[in-house]
Amino acid sequence: MKNKNFVIPLIVYPFDVMVSFGQTDDELLKTLSKSLTDDEIKDKKLWSIEKNGDGRTVLFGSGQTLIRMPKVPKSVKEYGTLQHEIFHATEFILSHIGMSLCRKSDEAYAYLIGYLTTEIYKRI
């Protein structure tokens, strides 16, 4: 499988997480433009991966989140990068709703990381 794009609804939060593996910037732009405003996606350097390495996670102003990697993970290193990006997505989302990571909130963080990991792994 060369590329993949899917959306994970967060159900209890009014946001979704889009996951993009292997899409070019142009392919992803077409998909993003269907669900985000032009203002949210105009700064391509925020979400472009073609010059940003192994992975990228972005929280847009609307609270929608994008996890992006240059290809579907296969190696242990790539799965490690995916987990790194899932943590960023979790931190962005929960901070966006006012929940900073601390001893009292760590369980909420762990549950969201687990949910995103499960939903992504189901699709790859």
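**View 1. T65 sits in strand β4, which covers residues 65-69.** Strands here are DSSP runs of E with at least two residues, helices are runs of H or I with at least four residues, and both are numbered from the N terminus. This is a predicted model, in which local features need pLDDT of at least 70, side-chain atom pairs count only at pLDDT 80 or more, and totals for chains, interfaces and linings use all residues. Residues are numbered from 1 along each chain as its sequence is written, and side-chain values use heavy atoms, with hydrogens and water left out. Is T65 buried or exposed? T65 counts as buried, because its relative accessibility is 2%. Buried means under 20% relative accessible area, exposed means over 50%, and partly exposed lies in between, with a 1.4 Å probe and protein chains only. Contact means heavy atoms within 4.5 Å. Leaving aside neighbours within four places in sequence, T65 is in contact with D16, V17, M18, T57, V58, L59, A89 and I93. T65 and I93 are 28 residues apart in sequence, and their C-alpha atoms are 7.6 Å apart in space.

**View 2. The whole protein chain has 5 helices and 4 strands.** Along the sequence, the pattern reads β-β-α-α-α-β-β-α-α. The radius of gyration is taken over C-alpha atoms, and the globule rule is 2.2 Å times the number of residues to the power 0.38. For 124 residues, a compact globule would have a radius of gyration near 14 Å, and the protein chain agrees because it has 14 Å. The C-alpha atoms fill a box of roughly 40 × 35 × 25 Å, taken along the principal axes. Of the 124 residues, 39% are buried. Among contacts with a separation of 6 or more, 48% come from residues 24 or more positions apart.

**View 3. S20 lies in strand β2.** S20 is buried, because its relative accessible area is 0%. Which residues does S20 touch, not counting residues up to four places away in sequence? They are K4, N5, L28, L66, I67, R68 and M69. The C-alpha atoms of S20 and V7 are separated by 8.9 Å. Along the chain, S20 and V7 are 13 residues apart.

**View 4. I11 lies in the loop between β1 (4-9) and β2 (16-21).** Most residues other than glycine have a negative phi. I11 is not a glycine, yet its phi is positive, at about 60 degrees. I11 is exposed, because its relative accessible area is 68%.

**View 5. Helix α4 (residues 76-96) holds T81.** T81 is buried, because its relative accessible area is 15%. Not counting residues up to four places away in sequence, T81 touches D54, G55 and M69. E78 also lies in helix α4. E78 is buried too, because its relative accessible area is 17%. With residues up to four places away set aside, E78 touches M69, K71, V72 and P73. E78 and D25 are 53 residues apart in sequence and 20 Å apart in space, C-alpha to C-alpha.

**View 6. K77 is another residue of helix α4.** Is K77 buried or exposed? K77 counts as exposed, because its relative accessibility is 58%. The C-alpha atoms of K77 and D54 are separated by 9.8 Å, and the two residues are 23 apart along the chain.

**View 7. The count of aromatic pairs comes to 2.** Y79 and Y121 form an edge-to-face aromatic pair, 5.5 Å centre to centre, with 80 degrees between the planes. This pair links distant parts of the chain, with Y79 in helix α4 and Y121 in helix α5 (residues 106-123), 42 residues apart. Rings of Phe, Tyr and Trp (its six-membered ring) pair if their centres lie within 6.5 Å; planes under 30 degrees apart count as stacked, over 60 as edge-to-face and the rest as tilted. Y79 counts as partly exposed, because its relative accessibility is 27%. Y121 is partly exposed as well, because its relative accessible area is 36%.
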